[in-house]
Amino acid sequence: MLSQYWARAKKLWPGWAENRVERGRTRPPGLLYSVDETPPRAVLIMAALQHVALMSNSLIYPIILGREAHLSPDRLLDFVSLSMLALGISTVLICARTSLIGCGYLCPAAYTQIYLGPSLFAVHLGGLPVVFAMTAFAGILQLAMAPLLRHVRVLLPSEITGLVIAIVGLSIAVLGVRYSLGITPKGEVKSTYLAIAAVSLMTMVILNVWTKGYARTFCVLIGMVIGYGASAAFGILDLSAAVPSEGLHLLRVPALHFLEWHFDAALFAPFAIVALAGALHLMGNVSTAQRINDTDWVRPNFDSLSGGLAGNGLASVICGLIGSPGVNSYSSSIGLSTATGITSRSLAYVISIVFALLALTPPAAAALATVPAPVIGAALFFTAAFVFTNGLQIITTRLLDSRKIIVIGFSFAMAMIANIYHDVFAHGPVLLQPILNSALVLGTICAVALNLIMRIGVRKRVSIRFAPGHINSEAAEQFLSEQGAHWAARRDILNRAVFGVIQSLDVLGDLPGDTEINASFDEFNLDVRIRYAGLPIVIPEQRPSSREIVASEEGERLLAGYLLRCSADKISSRKSGDGSEIHLHYDH
Amino acid sequence: MTSSGLIITESRSGDICVVSLAGRIDSSNANDFMTRLNGLISSGEKSILVDFANVLYLTSAAFRALLVATDEAERSATRFSLCNLASQVRELFEMGGLVDAFTILGSREEALARMG
């Protein structure tokens, strides 16, 4: 049965299923345990608990939904427990490394704001059964989108991916500040919240920067525990929010009260947007996870993104089936991985086991569901720094002209606006809530749209011609640099191409006829062809000796050919018509 | 002295003659550059330090000029070193397998301390 499905999947989506093989990764120096490594058991468990503590703050969304649905304390507890179980299952599905499902990186799941607006609307329309049915519908849409991702990769070039990641970081930081300040309805800051957040954050920073070993690795968990203690000391720890009046059983299997689904046609459009927004969010997170595992990362691996989206889609379907809101990958967890240097995929399996156990242990679940807001704020603010910086680093590897600067600058500003005017946008149309409510989604949609508009008039193939006796290296350099910025080419690759052209022109010298330089670009290739009136230059495999170079200009010409060979990924020099052509190819 | 695209400045630090370069070194100015270095060596300088801090790029012609000067320096028992190579310039030396053909030192201060 499975093999039949597999065969059909391969026929339907040619090129997708076969291409899950990734190129080798270059391990970043600061990484303690990379994605394919398994830490020692104690480290594995502690690191998983650290993620669980961070991920649990997203349980606030099911709690909000449960309260809006007027669930009794008993049923609310079941709802939260089932949500924990769903979180564990979803984490495995998103992180797994299989042929069709999972991105292969540590990208734990969490409940997100993206689902909140439409889910609240669904609760008001027909209660939780509508939420579950529509969540499953969004999951099915994501499953359908997954194999199509590679066909739309032109919409998300690396600089846009970097922007998306930076906005993810920014959004986490804004949320962190909101939690840390404990702003009252009158707009006042709660000084106790600020003090607790400061203690918690300072602990994380000090341990991360000035210590080594376990203290550094578990800095977030230790910071949260200290913040938890400070919250108890300041009297802001409120367990009653998650504890029913009749108390808690030590062990309890959650009852499946929620096995009921109702679709509502009015909600198809909002949940379709939720599916799209969730896909963009996940792509930003998985791209970050890829990058922190590979020093030589240059662009997202779309096979991994497709698998991640398929995993996320299947996870949302399962969430809908067992009775929980929809999930997405969690940006803060990626930031935590960066901060601690543990990106091992094995963590995902331990996280899922911990959540399964928590779902059966109400007191532990209650303790996690009531982590005080300033402690959550400190953890979010801390992890945001790492996510944000990852995004900036990706953007700055590319050359940017005014078109790209407008795309990035405007989109970043839109993301800021979504954060600043959050309360205003909350009153916007339900259909647009998934977009307006999320800085990430608004910023990404703005970036994708502007990028498409700004592509108008950018040619993929350009040329410059020099008349005999008027070859100008500086003009050739300027021509290539400007064009590289239009294309947002990688800075390092373009520098090599500039050297190749200058070295070629230098060795060709004054020529009797015109010299033409053609350059063409797509995201994966940069090709430069130099056509000239003259004989092909020699491209030796071996460097001429120092003695040969010093002895004659012929030695220097051989060195030029050798340098050209070394600077390009592929090179050819041949007769072409009445003249010759040097073809320099660079993998981009 | 200005050669097309290349500015060459000389200064002294004790017994060391420091030759500072700024701009591009290619076939249009490599001969001038080589003549200048050979002139210093034949004038009796015993320690020459070439500072690459402001060199934007160099081509095979520049490498030949430097190799010729290195040969001349060896014949005249002159210490001849390069310093302050920017990363993209150093990459060209590495790409051409020419790092070992020269005495390449770090910053100008380090180089002066080593040669002094």
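Me: What share of the contacts in chain A with a separation of 6 or more is accounted for by residues 24 or more positions apart?

Reply: This is a predicted model, and in its chain A residues 24 or more positions apart account for 81% of the contacts with a separation of 6 or more. In chain B the corresponding share is 73%.

Me: Which secondary structure elements do chain A and chain B contain, and how much of chain A and chain B is buried?

Reply: Chain A comes to 24 helices and seven strands, and 54% of its 588 residues are buried. Chain B has four helices and six strands, which follow one another along the sequence as β-β-β-α-β-α-β-α-β-α, and 39% of its 116 residues count as buried.

Me: Why are α10(A) and α16(A) called roughly antiparallel?

Reply: The axes of helix α10 (residues 219-234) of chain A and helix α16 (residues 373-396) of chain A cross at roughly 155° and come within 9 Å. Angles over 145 degrees count as roughly antiparallel, and α10(A) and α16(A) are therefore given that description. The crossing in which α10(A) passes α16(A) is right-handed.

Me: What makes up the contact between α10(A) and α16(A)?

Reply: From α10(A) come Val220(A), Gly223(A), Met224(A), Gly227(A), Tyr228(A) and Ser231(A), which meet Pro374(A), Val375(A), Ala378(A), Ala379(A) and Phe382(A) of α16(A). By class, the residues of this contact are eight nonpolar, three polar and no charged.

Me: What makes Val220(A) stand out in the largest nonpolar core?

Reply: Of the 153 residues in that core, Ile167(A) and Val220(A) touch the most other members. Not counting residues up to four places away in sequence, Val220(A) touches Gln50(A), Leu54(A), Met204(A), Leu336(A), Ala339(A), Ala379(A) and Phe382(A). Another core, of 66 residues, lies apart from it and has among its members Leu505(A), Tyr562(A), Leu92(B) and Met115(B).

Me: How many residues does each chain give to the contact between chain A and chain B, and which element of chain A gives the largest share?

Reply: Chain A gives 19 residues and chain B gives 16 residues. On the side of chain A, the elements that give two or more residues are α22 (491-508), α23 (546-551) and α24 (553-567), and the largest share, seven residues, comes from α24(A). That side of chain A has 10 nonpolar, six polar and three charged residues.

Me: Why does Ser20(B) count as partly exposed?

Reply: Ser20(B), which is placed in strand β3 (residues 16-25) of chain B, has 18 C-beta neighbours inside 10 Å. A buried residue needs 20 or more and an exposed one has 12 or fewer, so with its 18 neighbours Ser20(B) counts as partly exposed. Leaving aside neighbours within four places in sequence, Ser20(B) is in contact with Thr9(B), Ser11(B) and Asp51(B). The C-alpha atoms of Ser20(B) and Asn84(B), 64 residues apart along the chain, are separated by 9.9 Å.

Notes: Residues are numbered from 1 along each chain as its sequence is written. Chains are lettered from A and ligands numbered from 1 in the order in which they are written. This is a predicted model: local features need pLDDT of at least 70, side-chain atom pairs count only at pLDDT 80 or more; totals for chains, interfaces and linings use all residues. Axes are lines fitted to C-alpha atoms, for helices over the stretch in contact, and angles run from 0 to 180 degrees between N-to-C directions. Angles under 35 degrees count as roughly parallel, over 145 as roughly antiparallel, 65 to 115 as roughly perpendicular and the rest as oblique. A crossing is left-handed if the near helix is turned anticlockwise from the far one by less than a right angle, and right-handed if clockwise. Two residues are in contact if their C-beta atoms, placed from the backbone, lie within 7 Å. Ala, Val, Leu, Ile, Met, Phe, Trp, Tyr, Cys and Pro count as nonpolar, Asp, Glu, Lys and Arg as charged, and the others, Gly among them, as polar. A nonpolar core is a set of buried Ala, Val, Leu, Ile, Met, Phe, Trp, Tyr and Cys residues joined through C-beta atoms within 7 Å.
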